[in-house]
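Subject: Structure handover

Hello,

Here is the structure I promised to pass on. Please open it alongside this message.

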Amino acid sequence: MPVRKPARISAVLALLSLSAAQLGWGAGGIERPEDESWQIEQRQRWFEESRGLREVADAHRMRQFAVDDLRLQVQRSAARHAASGESWSEVGPSSMTMVGWTMGKVAGRINAITPHPTDEDTVYIGSAAGGVWKTTNAGSSWVPLFDQVGTLPIGAVAIESAAPGNVWVGTGDKNGGGCAGYFGLGVYHSSDGGSTWTARNGAGATAMPLSIVNAVALHPTDPNVLLVGGAGSCSASGTLSGAGVFRSADRGATWTRVLSNNVEDIVFVPGTSTVFAGLIGVGVSKSTDGGVTWTPVNNGLAVTGTRMRLAISPSNPQVMYVLMGTRVARTLDGGGLWTTMSTNACEGQCTYNQALAVHPTQPDTVLIGTIRPARSVNGGASFTPLTTTWGTSQKVHQDIHVVRYSSTDGNRFWVGGDGGIWRTDNGSTTWSNMNANLNITQFYDIAVHPADANIVFGGAQDNGSSGRRTLLQWELTLASGDGFMNAIDGTNPSIVLQTSYPQGGLPAIYRSTAFGSLGSFNRIPTTGLSGSFSFLTPMAVAGDRLFVTSSTLFRTTTLGNSWTAISPALGSPATVISPEVRGMMMPTYVGTSGGRIWAAADAAAPSPLFTDVTGNYAGGRVSDIAMDPQDSQRVYVTFGGFGAAQLYRSTTGGTAWSAVGAGLPNVPANAVAVDPLNGNRVFVGTDVGVYESTDGGDSFTAFSTGLPLGIVVSDLEIDQSPHVLTAGTYSRGAWRVALAGPAINQPPTADFTVVADSGYQASFTDGSIDNDGTVVSRTWDFGDGTPTSNAVNPSHVYATFGSYTITLTVVDDDAATGNYSRTIRFRAPAIPLTNGVAVTGQSAAEGDELVYSLAVPVGATNLVFSTTGPAGEDADLSVIFEDETVCESAGATANETCTIPAPAAGVYTAIVLAYSALSNQSIVGSYTVEDTLFRSGFEQ
């Protein structure tokens with residue numbers, strides 16, 4: 001979800017209003033970088049560097065060996081873990097709600113969409129890191145099909161038309177970047193619609209070696225023949241190499257390389273042995289013998305860029321299109337001659353989001369996907385976007401990776417991108433959100449409430465930050481592109497911290513004082529911060545102290561607005577901070593990207609003394625640190641790479657380190673946690689799953705029963721009471737396991753939803769749960785000074801517009817309590833505008849809204865709303881008609897304009913968001929109405 005400033009426009013939920021500041025964009029906003037590709041590049045670079053993927057030979061083979069071994073261990077331990085109750089279960093997100101955003105629920109990134117050839121309510125998708133999923137009811141619900149294969153990034157899905165139970169999948173993620181695609185394990189086949197899978201990669205000299213498979217093409221008339229193509233694999237030199245197209249004539253038992261170039265699309269001419277391949281950086285090649293021999297067909301094709309998408313017209317196979325970055329080319333004679341049709345077809349990020357498809361019966365109608373989906377009806381000469389730009393009125397999440405037409409209905413097509421999958425049945429007039437229960441979220445980091453394991457926050461690739469209390473479906477908390485780190489104040493859990501993309505070389509840190517609810521986040525000032533920060537800026541909370549680190553460690557309080565440096569220069573950007581409250585002290589360790597470790601006995605002291613305790617640690621870049629719950633001198637460090645030990649232990653606070661962790665796989669270890677009830681029980685999260693030690697880290701066995709096989713575990717958090725271990729994964733959301741231990745009553749988790757109407761009436765629905773008992777009573781404080789209510793699902797009428805904080809307190813059958821607060825806001829009545837007459841002298845506090853209405857008559861044209869204000873102030877403008885945002889304007893000043901050339905008759909609402917304090921704002925709404933009386937007289 002790359003960030004665009006139009007996202008600052010306020011979200012609308014019925015008549016509740018959430019301003020951009022409330023949504024978490026905060027004062028000053030999240031500015032759009034000049035080149036949004038920077039964010040994607042940094043993300044890919046972080047992934048590779050944090051694992052040393054450019055420095056290791058054959059990483060994917062080591063990972064495959066680890067997966068195979070893990071599969072056997074899980075099979076042996078499953079019964080034991082089930083008997084003890086220590087099996088993992090899903091926490092979500094089972095998609096994520098976007099509150100008032102038109103596009104609805106979002107999931108993670110999708111690379112492939114393949115409908116069943118005769119039942120288009122049955123669809124398979126391939127996600128970037130969450131495996132293959134299948135729906136049989138047009139997206140109302142999904143079933144994961146790939147959880148026990150051992151790899152979860154998917155590049156391609158193909159179905160045999162004559163035998164639709166046969167499904168072929170190519171693994172690996174081309175958008176992961178370079179060797180970040182090392183997860184892929186080649187090609188898999190299912191003969192039962194995805195229930196079971198078999199690797200079909202051959203062996204020895206006839207093996208298919210690709211770990212990043214972008215395309216799988218099935219011969220239309222010979223089921224034994226298939227072609228696959230992709231970007232190669234991480235070679236013995238630690239680089240991505242070996243790209244090509246491979247052919248099998250025996251259903252994947254043996255393979256032959258037939259082309260030696262990276263390819264994204266391989267397309268057969270229906271019913272024939274003629275096939276085309278789009279070779280990135282080279283051009284299009286054609287085969288008439290099912291892929292045995294190939295001939296270039298590039299006459300007139302100006303090959304450019306690092307991407308090439310190829311699509312063929314189903315109704316006229318002589319017509320094909322190529323999308324290369326910003327350029328679209330077409331051939332009308334099967335590749336004999338190509339003509340450049342457009343040179344500005346990409347809206348941005350042209351090396352990241354590229355997709356292409358041709359209408360089933362109209363060869364001149366073509367879909368592309370870049371930032372938005374767009375359609376051409378003139379053979380690619382021009383394109384019309386099918387959704388609005390980034391903002392609450394978007395009908396489809398941006399950053400498109402796949403567009404797919406129905407084979408029989410040109411009005412139906414699917415779009416998949418960074419936020420999941422949508423379908424239209426009327427050519428894009430309306431869209432169906434199909435994300436339902438898709439859990440394909442890539443979490444960088446999670447935070448768990450210290451006393452309530454139901455409450456979890458996470459920062460995800462592409463989809464900002466989110467949180468959950470009682471449901472598998474999470475809610476957006478901070479709309480920020482990628483969401484990163486999360487933390488909860490242990491002394492006051494209503495304070496939640498989240499981070500996102502660094503800006504101007506400094507981290508972007510946001511704070512909520514309302515339990516992390518949507519609309520309650522504001523950006524924390526960076527006053528005092530300096531140095532070289534990691535892309536994924538480390539942040540941690542201990543007690544009420546908040547820490548972030550560059551190449552220097554900084555501290556403030558969780559309510560603070562300025563930072564103090566408390567460490568010497570660390571030598572390189574830090575990668576992890578691990579402070580903990582231990583009595584009156586706060587022992588703290590810091591690990592760096594350069595492989596150094598620093599420690600202080602009390603990071604809460606006025607002037608902490610940090611000492612370099614790297615000693616004989618030889619692991620390199622530190623991925624995580626955890627202390628023994630009783631002895632802060634006993635500390636564990638994980639290494640996020642290959643070759644060396646994955647776990648190191650010191651019993652002397654770092655003066656000496658020992659490589660431990662026998663039994664851990666030779667893959668990156670990303671997280672470590674120590675059981676607070678048993679210091680000898682240590683858990684390590686790796687790039688394939690979770691492992692457990694019961695002897696203080698000396699030896700490990702698999703602790704992954706219930707987890708998808710080969711899941712990338714990015715974070716581990718452990719609570720003492722309740723005794724729960726929670727994992728954040730970079731592929732399938734969050735998971736948890738209740739650990740064995742003494743039975744202690746767990747307090748209930750308070751939760752509720754609210755719906756409001758135009759009469760200032762709000763209806764509340766209790767969603768509270770008690771994991772080990774029942775909720776026996778509720779108390780509602782409506783936030784307006786009126787008496788509380790003990791109803792289960794009360795309604796309440798407020799006296800006037802404004803913001804109100806509602807608090808629900810619940811009590812369980814053991815007298816334990818839980819509470820939760822969230823804020824609702826009723827808009828002020830709209831100020832009516834008169835056509836062409838400015839309303840001046842308007843003022844508003846930062847974050848507030850000014851609301852206006854204008855009645856537009858039948859026949860009016862050129863409806864324009866314009867705001868003006870003093871220099872240095874900033875106001876954003878949105879226009880709503882019939883509960884839908886029809887225009888948004890979000891520049892960097894107080895001067896905004898929205899134009900609707902052909903407005904429908906009715907009342908339009910203009911909302912001016914005070915992105916800074918406004919002192920002398922003005923607004924005018926105008927439209928043109930033809931003077932029919934004068935015209936008639938003149939014509940007579």
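Numbering starts from 1 along each chain as its sequence is written, and side-chain values use heavy atoms, without hydrogens or water.

Confidence: pLDDT is the predictor's confidence in each residue, from 0 to 100. The protein's mean is 91, and 95% of its residues reach 70 or more. Residues 1–35 stay under 50. Where pLDDT is low, the predicted coordinates should not be read in detail.

α2 has 15 residues. Its buried residues (under 20% relative accessible area, 1.4 Å probe, protein chains only) include Trp 46 and Phe 47. They pack against β34, β39 and β54 (contact means heavy atoms within 4.5 Å). Gly 52 follows α2, with a positive phi near 65°.

Cores: a nonpolar core is a set of buried Ala, Val, Leu, Ile, Met, Phe, Trp, Tyr and Cys residues joined through side-chain atoms within 4.5 Å. The largest has 52 residues; Leu 497, Met 539, Trp 563 and Leu 647 touch the most other members. Elements that each supply at least two residues include α2, α3, β39 and β54. α3 gives the most, with five. Apart from this core lies another, of 25 residues, among them Val 879 and Phe 881.

Best wishes

Terms used:
Predicted model: local features only at pLDDT ≥ 70, side-chain atom pairs only at ≥ 80, totals over all residues. Buried < 20%, exposed > 50% of the residue type's maximum accessible area, 1.4 Å probe, protein only. Helix = DSSP H or I, 4+ residues; strand = E, 2+ residues; numbered from the N terminus. Expected span 1.5 Å × (residues − 1).
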